[in-house]
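Subject: Structure for you to look at

Hello,

Here is the structure I promised. Please open it alongside this email, and my notes follow below.

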Amino acid sequence: MEPSSFEPGTEFPHYPYHRIRRNGFMIASLLMGLLSILTFCTLFGGLIFGALGILFAILSKGNDSRLAGTAIGGMISSVSGLILTLLVYGCAIYIMLVPGELHDEFNEIFKERYGITIEDLLDGKMPEDMTPYSPYSLEDNDYGKML
């Protein structure tokens with residue numbers, strides 16, 4: 001049996017180690033970032049989840065000077081989801097407003113569905129038969145009856 005290299009009276013060397021600190025905000029930031037990437041093509045999903053992910057990443061910092069790895073991942077995925085969402089919004093606005101082949105197709109679909117072009121709508125013209133939708137019929141004597 002070989003003698004031990006540890007001699008009595010000496011101390012073990014102290015190695016600096018970083019304790020992994022996790023809190024709920026870090027995990028929430030990462031989840032919100034992933035949800036923002038998954039829902040970037042929905043109407044508001046990417047914006048809401050991306051903004052919440054950035055907020056939770058900042059809140060997870062607490063009094064420390066740096067963000068932890070999980071919070072950095074949440075921040076990166078949240079910003080990515082926001083950028084993707086803004087790109088989708090920009091493309092949609094470009095297709096609607098800039099004349100071209102896609103704009104003409106969009107106008108045809110819009111005219112078939114609503115009976116008016118997007119230019120007329122932007123000029124403030126409304127079709128005569130366009131009325132606000134109400135699930136309750138005011139013409140019947142049953143005012144509480146659903147249609």
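How are helix 3 and helix 4 oriented to each other: roughly parallel or roughly perpendicular? Before the answer, one caution: this is a predicted model. The axes of the two helices cross at roughly 80°. Angles of 65 to 115 degrees count as roughly perpendicular. Helix 3 and helix 4 are therefore roughly perpendicular to each other.

Some detail on that pair. Helix 3 covers residues 69-97, and helix 4 covers residues 101-114. Their axes come within 7 Å. On the helix 3 side, the contact uses Ile95, Met96 and Leu97. On the helix 4 side, Leu102, His103 and Phe106 meet them. By class, this contact has 5 nonpolar residues and 1 polar residue, with no charged residues.

Phe106 turns up again among the aromatics. Ring pairs link Phe106 with Phe110 and Tyr114 in a cluster. The structure holds 3 aromatic pairs.

Now the overall picture. The chain has 147 residues. It has 5 helices and 0 strands. Read from the N terminus, the elements run α-α-α-α-α. Buried residues make up 21% of the chain. Take the contacts between residues at least 6 apart in sequence: 53% of them join residues at least 24 apart.

Next, helix 1, which spans residues 24-38.

- Leucine 30 sits in helix 1. At 30% relative accessibility, leucine 30 is partly exposed. Leaving out residues up to four places away in sequence, leucine 30 touches Thr70, Gly73, Gly74 and Ser77. Leucine 30 and threonine 70 are 40 residues apart in sequence, yet their C-alpha atoms are 6.7 Å apart in space.
- Leucine 31 also lies in helix 1. Leucine 31 has 48% relative accessibility, so it counts as partly exposed. Its C-alpha atom is separated by 8.7 Å from that of phenylalanine 49, which is 18 residues away along the chain.

- Asparagine 23 is in the segment before helix 1. Its relative accessible area is 29%, so asparagine 23 is partly exposed. Asparagine 23 and lysine 61 are 38 residues apart in sequence and 9.6 Å apart in space, C-alpha to C-alpha.
- Alanine 68 is in the loop between helix 2 (45-61) and helix 3. Is alanine 68 buried or exposed? Residues under 20% relative accessible area count as buried. Alanine 68 has 15%, so it is buried.

Last, the cysteines. How many disulfides does the count give? The count comes to 0 disulfides. Cysteine 41 is exposed, at a relative accessible area of 55%. Cysteine 91 has 47% relative accessibility and counts as partly exposed.

If you open one view, start with helix 3 and helix 4, where Ile95, Met96 and Leu97 meet Leu102, His103 and Phe106. Then go on to the cluster of Phe106, Phe110 and Tyr114.

Best wishes

Note on methods. Residues are numbered from 1 along each chain as its sequence is written. This is a predicted model: local features need pLDDT of at least 70, side-chain atom pairs count only at pLDDT 80 or more; totals for chains, interfaces and linings use all residues. Side-chain values use heavy atoms; hydrogens and water are left out. Axes are lines fitted to C-alpha atoms, for helices over the stretch in contact, and angles run from 0 to 180 degrees between N-to-C directions. Helices (H or I, at least four residues) and strands (E, at least two) are DSSP runs, numbered from the N terminus. Angles under 35 degrees count as roughly parallel, over 145 as roughly antiparallel, 65 to 115 as roughly perpendicular and the rest as oblique. Contact means heavy atoms within 4.5 Å. Ala, Val, Leu, Ile, Met, Phe, Trp, Tyr, Cys and Pro count as nonpolar, Asp, Glu, Lys and Arg as charged, and the others, Gly among them, as polar. A disulfide is a pair of cysteine sulfur atoms within 2.5 Å. Buried means under 20% relative accessible area, exposed over 50%, partly exposed in between (1.4 Å probe, protein chains only). Rings of Phe, Tyr and Trp (its six-membered ring) pair if their centres lie within 6.5 Å; planes under 30 degrees apart count as stacked, over 60 as edge-to-face and the rest as tilted.
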